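Work through the exercises below with the model open. Try each task before reading its solution.

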Amino acid sequence: MILTPIDPRTILSATAPKLDKIDQKARDLESLRQSTREFEAIFVNEMFKAMRKTIPEGGLFEKDMSTDIYQEMIDMELARSSSDGDGLGLGKAMFDQLSPLIENKRDK
(Lines give C-alpha, C1' and ligand atoms only; values in the text may rest on other atoms or scores of the structure.)
Protein backbone atom coordinates (compact mmCIF):
# COMPACT_ATOMS: atom_id res chain seq x y z
CA MET A 1 0.00 0.00 0.00
CA ILE A 2 1.53 3.29 -1.14
CA LEU A 3 0.42 6.47 0.57
CA THR A 4 0.67 9.64 -1.41
CA PRO A 5 1.00 12.85 0.52
CA ILE A 6 -1.91 15.20 0.17
CA ASP A 7 -1.16 18.87 0.05
CA PRO A 8 -4.10 20.78 1.56
CA ARG A 9 -3.11 23.93 -0.32
CA THR A 10 -3.99 22.32 -3.64
CA ILE A 11 -7.38 21.18 -2.36
CA LEU A 12 -8.31 24.49 -0.77
CA SER A 13 -6.91 26.73 -3.48
CA ALA A 14 -10.07 26.47 -5.61
CA THR A 15 -12.33 27.61 -2.76
CA ALA A 16 -9.98 30.04 -1.02
CA PRO A 17 -10.69 33.18 -3.10
CA LYS A 18 -14.46 32.95 -2.55
CA LEU A 19 -14.04 32.43 1.18
CA ASP A 20 -11.51 35.23 1.37
CA LYS A 21 -13.95 37.70 -0.22
CA ILE A 22 -16.71 36.69 2.18
CA ASP A 23 -14.34 36.92 5.14
CA GLN A 24 -13.12 40.34 3.99
CA LYS A 25 -16.66 41.71 3.80
CA ALA A 26 -17.47 40.27 7.23
CA ARG A 27 -14.32 41.85 8.66
CA ASP A 28 -15.17 45.17 7.01
CA LEU A 29 -18.72 45.09 8.39
CA GLU A 30 -17.47 44.27 11.88
CA SER A 31 -14.91 47.07 11.63
CA LEU A 32 -17.67 49.47 10.54
CA ARG A 33 -19.89 48.35 13.43
CA GLN A 34 -17.05 48.95 15.90
CA SER A 35 -16.26 52.35 14.38
CA THR A 36 -19.86 53.54 14.57
CA ARG A 37 -20.06 52.43 18.21
CA GLU A 38 -16.86 54.33 18.98
CA PHE A 39 -18.24 57.40 17.21
CA GLU A 40 -21.40 57.20 19.31
CA ALA A 41 -19.28 56.88 22.48
CA ILE A 42 -17.27 59.98 21.53
CA PHE A 43 -20.48 61.87 20.78
CA VAL A 44 -22.01 60.91 24.14
CA ASN A 45 -18.76 61.86 25.90
CA GLU A 46 -18.90 65.31 24.31
CA MET A 47 -22.51 65.63 25.51
CA PHE A 48 -21.37 64.78 29.04
CA LYS A 49 -18.64 67.43 28.82
CA ALA A 50 -21.17 70.03 27.71
CA MET A 51 -23.54 69.07 30.50
CA ARG A 52 -20.77 69.29 33.11
CA LYS A 53 -19.98 72.84 32.00
CA THR A 54 -23.51 73.89 32.94
CA ILE A 55 -23.01 72.86 36.58
CA PRO A 56 -21.91 75.85 38.67
CA GLU A 57 -18.54 75.75 40.45
CA GLY A 58 -18.41 75.28 44.19
CA GLY A 59 -19.99 72.83 46.53
CA LEU A 60 -18.83 70.66 49.38
CA PHE A 61 -15.47 69.68 47.90
CA GLU A 62 -12.85 71.75 46.12
CA LYS A 63 -12.12 70.88 42.52
CA ASP A 64 -8.54 70.20 41.54
CA MET A 65 -6.74 68.62 38.59
CA SER A 66 -7.17 65.05 39.88
CA THR A 67 -10.92 65.54 40.25
CA ASP A 68 -11.12 66.74 36.65
CA ILE A 69 -9.08 63.78 35.40
CA TYR A 70 -11.17 61.20 37.23
CA GLN A 71 -14.40 62.90 36.18
CA GLU A 72 -13.33 62.73 32.52
CA MET A 73 -12.39 59.06 32.93
CA ILE A 74 -15.77 58.25 34.47
CA ASP A 75 -17.58 60.16 31.72
CA MET A 76 -15.68 58.28 29.01
CA GLU A 77 -16.46 54.90 30.54
CA LEU A 78 -20.12 55.86 30.93
CA ALA A 79 -20.17 56.94 27.28
CA ARG A 80 -18.60 53.64 26.18
CA SER A 81 -21.01 51.55 28.21
CA SER A 82 -23.99 53.56 26.94
CA SER A 83 -22.96 52.94 23.33
CA ASP A 84 -22.72 49.15 23.79
CA GLY A 85 -25.59 47.23 22.31
CA ASP A 86 -28.11 49.58 20.74
CA GLY A 87 -27.04 52.61 22.77
CA LEU A 88 -28.79 55.79 21.74
CA GLY A 89 -29.32 54.46 18.24
CA LEU A 90 -26.90 56.86 16.57
CA GLY A 91 -24.28 54.16 15.93
CA LYS A 92 -26.91 51.74 14.62
CA ALA A 93 -28.35 54.38 12.29
CA MET A 94 -24.89 55.16 10.94
CA PHE A 95 -24.14 51.45 10.49
CA ASP A 96 -27.44 50.87 8.69
CA GLN A 97 -26.71 53.78 6.35
CA LEU A 98 -23.07 52.84 5.62
CA SER A 99 -23.23 49.03 5.52
CA PRO A 100 -24.72 48.83 1.99
CA LEU A 101 -21.57 50.56 0.73
CA ILE A 102 -19.51 47.62 1.98
CA GLU A 103 -22.00 44.93 0.98
CA ASN A 104 -22.30 46.30 -2.56
CA LYS A 105 -18.60 47.05 -2.94
CA ARG A 106 -17.14 45.66 -6.12
CA ASP A 107 -14.15 43.39 -5.73
CA LYS A 108 -11.07 44.45 -7.59
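**Exercise 1. The largest pocket**

What volume does the largest pocket have?

Solution. The model is predicted; local features need pLDDT of at least 70, side-chain atom pairs count only at pLDDT 80 or more, and totals for chains, interfaces and linings use all residues. Residues are numbered from 1 along each chain as its sequence is written, and side-chain values use heavy atoms, with hydrogens and water left out.

Step 1. Start with the idea. Rolling a probe the size of a water molecule over the atoms shows where empty space is left.

Step 2. On a 1 Å grid over the protein atoms alone, a pocket is an open set of points where a 1.4 Å probe fits, with protein on both sides within 12 Å along at least five of seven lines. Lining residues have an atom within 4 Å of a point. Grid points are joined across faces, edges and corners, and the volume is the space filled by probe spheres set on the points.

Step 3. Read the value. The largest pocket has a volume of about 450 Å³.

Step 4. Look at the lining. It has 15 residues. Arg52, Glu57, Lys63, Asp68 and Gln71 lie nearest the centre. H3 gives the largest share, five residues. Helices here are DSSP runs (H or I, at least four residues; strands are E, at least two), numbered from the N terminus.

**Exercise 2. The fold**

How many helices and strands does the protein have?

Solution. Step 1. Count the elements: four helices and zero strands. Along the sequence the pattern is α-α-α-α.

Step 1. Check the contacts (heavy atoms within 4.5 Å). Of those with a separation of 6 or more, 88% join residues 24 or more positions apart.

Step 2. Check burial. Of the 108 residues, 16% count as buried. Buried means under 20% relative accessible area, exposed over 50%, and partly exposed in between (1.4 Å probe, protein chains only).

**Exercise 3. Salt bridges**

With which residue does arginine 52 form a salt bridge?

Solution. Step 1. Apply the rule: a side-chain nitrogen of Lys or Arg within 4 Å of a carboxyl oxygen of Asp or Glu. The structure holds five such bridges.

Step 1. Find the partner. Arginine 52 pairs with aspartate 75, the closest N and O atoms being 3.0 Å apart. Arginine 52 lies in helix H2 and aspartate 75 in helix H3, so the pair ties together parts 23 residues apart in sequence.

Step 2. Compare the two ends. Arginine 52 is partly exposed at 37%, whereas aspartate 75 is buried at 4%.

Step 3. Turn to bridges within a helix. Lysine 49 and glutamate 46 have closest N and O atoms 3.4 Å apart. They are three residues apart in helix H2, about one helical turn. Glutamate 77 and arginine 80 meet at 2.8 Å, N to O. Both lie in helix H3, three residues apart, about one turn.
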